[in-house]
Amino acid sequence: MAEKQTVRLRVNGQDYEGACEPRKLLVDFLREDLRLTGTHVGCEHGVCGACTILMDGLTVRSCLMFAVQADGAELMTVEGLAQGDELHPIQQAFWDQHGLQCGFCTPGMLMTVYEFLNQAEKPSEEEIREALAGNLCRCTGYVNIVKAVQQAAGTLVETGGH
Amino acid sequence: MKPAPFEYFAPRSVAETLDLLARYGEDGKILAGGQSLVPLMNFRLARPASLIDVNRVSELDYVRPSDGGLAFGALTRHYRLESDPLVAERCPLLPAIARLIGHVQIRHRGTIGGSIAHADPVAELCLAAALLDAEIDVQGPNGSRTLQPDEFFLTYLTTALEPTELLTEVRFPGLPADAGWSVQEFARRHGDFAIVAAAAVLEAENGVCRTARVAVAGGAPTAARSPGAEAALVGQPLGTDAFAAAAEAAMAEADPESDLHASADYRRKMVGVFVRRALEEAASRVPNS
């Protein structure tokens, strides 16, 4: 077994330190070492989008990175969306519009939508569908997810953003 | 699955990277954006003994003006092609083609040098490099050399890069102000790998084609220009007849293989269709056409 390396990073505003082999994927480090199990691991080859997180402000696939590569980085995961018991407007919209069934894809969807709605104030349905193209959902048929994004876009404009 | 164990190095400079390549390059791999390599490692289709991670080699992350064109450090991420105003001004084809690369999450990590060095035959940046005769700089233990795409891309996923060499910079020429251009890609869904893609740059005088560049991805083991299609255009009035002749020539030159996604015959047919569409759009963008 290769020697473990120290990884220090910030997740959702909190500092963490762990040690892992260089081959450990960032998503597995989050889930197994930091016990942040909100981020899901699906296809492990960058296609399904379930493991999408923000690294230094940009969405990335956490299954296509090694944890050691994130040493010193600032991450945001799905756990960083809600304020205590109060859901983030994007989460609330997914709840209201039934934008999930089994929920497996939801963490990745939420992080993708979080970044998207930071940049797009009044997205068209086509723009929303393109933004979601990198996240697969096997349950919903996407219709309610698109509705949720539309609701969230409206709420965020009303309340002045994230 | 999970990657097999490897020895991990994270150099901070090109010099340090070259030292590591000299020692470990034969059984090692450079890790840049990782959007192709890490899936292969997760499935254990690739098991490099050493991984040389260049993500902290910040001297390779830049977009600079170069002779009317653009020089990209190998570590420059794909999304910079979409967002950098200098790229849009000098070579608007590049932002258009970059938007076809995977999804935004992929473009945040994937690098220009990594895509070129991976040499996927349907990769958008390999198509752009072939179309525009990009210059590819590599550095190795014996100094540096510059290669043209037809020297660099050898066959499927195979380049002229030696195990001890590092791709450091890719230079694209600017597009002439009076050129019309187009990129047309055929994929099952937005963000999927292309089945076939075609790109064209045309210049014309009084409706007659003066220069033509046509390149195809998915018709051969590497993305490449189509000399037959270009010859069918130069000196001809830009219109249906010339486009049909060029599409015919590109199809005749194509030698695709069948796979899970499409048969060879279908791919060849699509080469014709997408070359024609690229020419129609490029011609419509030639000023005063």
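How far apart are the centres of domain 1 of chain B and domain 2 of chain B, taken over C-alpha atoms? The answer is 25 Å. Please keep in mind that this is a predicted model.

Let me go through the division of the chain. In chain B, domain 1 covers 1-54 + 63-175, and domain 2 covers 180-284. Where the two touch, domain 1 of chain B contributes 20 residues and domain 2 of chain B contributes 19 residues.

I will stay with the domain 1 side of that contact. Three elements of chain B each give at least two residues to it: α5 (93-98), α8 (124-132) and β8 (153-155). The largest share, six residues, belongs to α8(B). Sorted by class, this side of domain 1 holds 15 nonpolar, three polar and two charged residues.

Now α8(B) itself. Is this helix enclosed or open? Nine of its nine residues are buried, so α8(B) is largely enclosed by the rest of the structure. Among them are B:Glu124, B:Leu125, B:Cys126 and B:Leu127. Just after the helix comes B:Asp133, with a positive phi of about 50 degrees.

Next, the core. In soluble globular proteins, nonpolar side chains tend to be buried together. Here the largest nonpolar core has 146 residues. Those with the most contacts inside this core include B:Cys126 and B:Leu127, which are also buried residues of α8(B).

Leaving out residues up to four places away in sequence, B:Ala250 touches B:Val214, B:Val216, B:Ser226, B:Gly228, B:Ala229, B:Val271, B:Gly272 and B:Val275.

Key:
Residues are numbered from 1 along each chain as its sequence is written. Chains are lettered from A and ligands numbered from 1 in the order in which they are written. This is a predicted model: local features need pLDDT of at least 70, side-chain atom pairs count only at pLDDT 80 or more; totals for chains, interfaces and linings use all residues. Domain bounds come from an automatic or database domain assignment. Two residues are in contact if their C-beta atoms, placed from the backbone, lie within 7 Å. Helices (H or I, at least four residues) and strands (E, at least two) are DSSP runs, numbered from the N terminus. Ala, Val, Leu, Ile, Met, Phe, Trp, Tyr, Cys and Pro count as nonpolar, Asp, Glu, Lys and Arg as charged, and the others, Gly among them, as polar. A nonpolar core is a set of buried Ala, Val, Leu, Ile, Met, Phe, Trp, Tyr and Cys residues joined through C-beta atoms within 7 Å. A residue is buried if 20 or more other C-beta atoms lie within 10 Å of its own, exposed if 12 or fewer, and partly exposed in between; C-beta atoms are placed from the backbone.
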